[in-house]
Amino acid sequence: MQLKARRLQVIFLILCLCSLFINARPYLIVISQDDLKDGALADDFPDSANSDSAEWDEFGEPESQNSSEELDPGSWRPIFEPDSPSSASDVPEDLYYTALGKFMSSVSSGDLRLMEDAVADIDQVAAGSGDPHAQSVLGLLHGMGIMKETNKAKAFMYHYFAAEGNKQSKMALAYIYFRQEMYEKAVKLYADLAEVAINSLLVSKDSPVIEPVRIHNGAEENKQALRKSRGEEDEDFQILEYQAQKGNAGAMYRIGLFYYFGLRGLRRDHAKALSWFSKAVEKGEPRSMELVGEIYARGAGVERDYTKALQWLTRASKQPSFSAYNGMGYLYVKGYGVEKNFTKAKEYFEKAANNDESGGHYNLGVMYLKGIGVKRDVKKACTHFIVAANAGQPKAFYQLAKMFHTGVGLKRNIPMASALYKLVAERGPWSSLSRWALESYLKADIRKAFFLYTRMAELGYEVAQSNAAWILDKYGEQSMCLGESGFCAKAERHQRAHSLWWQASEQGNEHAALLIGDAYYYGRGTDVDYDRAAEAYMHAKSQLNAQAMFNLGYMHEHGLGLPFDLHLAKRYYDQALELDPAARLPVKLALGSLWLRKNHADCFLVHVIDSLPEVYPKVDAWVEDVLMEEGNATILTLFACLLTVLYLRERQRRHAAVRAAAVAVPLHPIDHAVAAQN
């Protein structure tokens, strides 16, 4: 594909690694012809004659890759998945995991005394041996004010010293720099973390897929998403399993897929995955053939066998399964189970790419970027990487980030590189926190879920920030919001929720900014502040939120936090309707109010409309405090039932009286005459 000299506008979506349940709007990144670096081919690369597949994408060979425990030292996996091998091998880490386990138990139980003991043990491990994992936990406790005084400086210090030995602290540190727009520092940390994340995604025995779930949908619980995350207990899964047992090949493939990647709340189980794929293959299911080939290539639950992998991939490609061509091309470019053949590899990658397979685009990008089997062409490489990134391919994000970071092929752009590295880094093994948090929430262990989401929020995960904030708002005291000396007061809970919502808002969550605006407008957990409410609504409006536009129109109409301006008010109302047709009724009513205010400013209706914001809260409070009070509600219900019975009895009595009168009325004399004639 040749790029022409005219300006090329390529817009691609960064999916935030969350394709199913997403409230935040996706980021839009624009790469133009101006971003392409002139003379990149001559200046940035060594001689193409020396290119070889050994430098394919600069990551280790499958046999030399580290385990998740080695990639994420100090991981909390031994606490939440005790059956998996632990990285704890020396005494300090044993003490650390003992203290951490005690702390998690205290979080679930709400036992403050046990928690104090656990925090003291963590303090001792951190001070006694300088253990980076204990220091990382202390950074979290100081940052969130959990059993410690809230002290951002101390939190930063603990994470700074822990970052060399603890990847989660490195993530927290990178996010601090990123929020403060210190991109030169952030990009170095995120680059290291992104490389670790990509290493965990390569051809290895595990194929981690993170399925982030937003547990809320606006102000309400996201029941549909949560239901689909209950694993084998989900009714839909049970129906699918029944269909598979009855011989449905598509159902067999889907169940195998769930077990292979650990989707829909299931723990990864390669043996079950292979069993279901094998059954589907017997019925000729092509996608299962491809995944059986991938299992042999990865050595997932079986001995790694590239020859068998190629056989299964070849068989799948003849069905056809176009993504199987990508796997075949990879085996040829690396020489796994076959003799290296760059020409064949390119042919297979092109077949995959021509059928919209993102892996094919990524691998073609690598070939053109490094001149492996082809003439180097950075523009072509960039084009393929963009297509792959648009499809959510994390390795394509990494390559584009590296090009922006180093100035190879693209002009150096550190903020862009930081943002792309961050997206990739969030796919690292530490993202398992998301699964553990969701499992805790589904088990009704709200306290543990909140703590885990809080940890992820500190690492910069937007979904976790909004989930933690929603739990604080929804569950209040049950959320286990802890301060320096016990449970948070109501005002402190609201402040923490505001802080989390604001962080989520900064990362594109329009609902978060709207909630912050509502909090300041109505004085929920804080003093009424129309200026700050308007600021938050403006932020949500910049993310194309119709409700925020409507609110800004209302504030302009009434001069609350914004200048009194009926023309601007109408503009915002019109924009809200244009963006969301469902807002037609409230917008039409608002425009009617606006017309009255403009043409009959002192009429009675205008005064009635202006009084509604004062009257409604009083009526709402009266209903909640008086009518909905338990005793009063019972009495009112009984009274309503009594009135209903009396009304029905009176109605029955009247109908009976009418019928009796109709029978007793004598015939008119004329009627008698007519009757006699007959």
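At what angle do helix 7 and helix 8 pack, and how far apart are their axes? The points below answer this and describe other parts of the structure.

1. Basis of the note. This is a predicted model, in which local features need pLDDT of at least 70 and side-chain atom pairs count only at pLDDT 80 or more, whereas totals for chains, interfaces and linings use all residues. Residues are numbered from 1 along each chain as its sequence is written, and side-chain values use heavy atoms, with hydrogens and water left out.

2. Overall composition. The protein contains 33 helices and 6 strands (DSSP runs numbered from the N terminus, helices being H or I of at least four residues and strands E of at least two). Of its 678 residues, 50% are buried (under 20% relative accessible area with a 1.4 Å probe, protein chains only; exposed is over 50%, and partly exposed lies in between). Among contacts (heavy atoms within 4.5 Å) with a separation of 6 or more, 59% join residues 24 or more positions apart.

3. Helix 7 and helix 8. Helix 7 (residues 152-162) packs against helix 8 at an angle of about 125°, and the two axes are 8 Å apart (axes are lines fitted to C-alpha atoms, for helices over the stretch in contact, and angles run from 0 to 180 degrees between N-to-C directions). Helix 7 is therefore oblique to helix 8 (under 35 degrees counts as roughly parallel, over 145 as roughly antiparallel, 65 to 115 as roughly perpendicular and the rest as oblique). Phe156, His159, Tyr160 and Ala162 of helix 7 make the contact with Ser169, Ala172, Leu173, Ile176 and Tyr177 of helix 8.

4. Ser169. This residue of helix 8 is buried, because the relative accessible area of Ser169 is 0%. Apart from neighbours within four places in sequence, Ser169 is in contact with Ser136, His159, Ala162 and Ala163.

5. Helix 6. Spanning residues 132-144, helix 6 has 13 residues and reaches 18 Å from first to last C-alpha, close to the 18 Å expected at 1.5 Å a residue (the expected span is 1.5 Å times one less than the number of residues). Helix 6 is mostly covered, with 12 of its 13 residues buried; among them are His133, Ser136 and Met144. Gly145, which follows helix 6, has a positive phi near 70°.

6. Glu181. The loop between helix 8 (167-179) and helix 9 (183-201) holds Glu181. Glu181 counts as exposed because its relative accessibility is 57%. The C-alpha atoms of Glu181 and Pro415 are 8.0 Å apart in space, although the two residues are 234 residues apart in sequence.

7. Helix 24 and helix 25. The axes of helix 24 (residues 462-475) and helix 25 (residues 490-506) cross at roughly 155° and come within 8 Å. Helix 24 and helix 25 are therefore roughly antiparallel to each other. The residues that meet include Trp470 and Leu472 in helix 24, and Leu500 and Trp501 in helix 25.

8. Tyr520. Located in helix 26 (residues 510-522), Tyr520 counts as buried because its relative accessibility is 9%. Tyr520 and Tyr530 are 10 residues apart along the chain, and their C-alpha atoms are separated by 6.5 Å. Leaving aside neighbours within four places in sequence, the contacts of Tyr520 include Thr526, Asp529 and Arg532.
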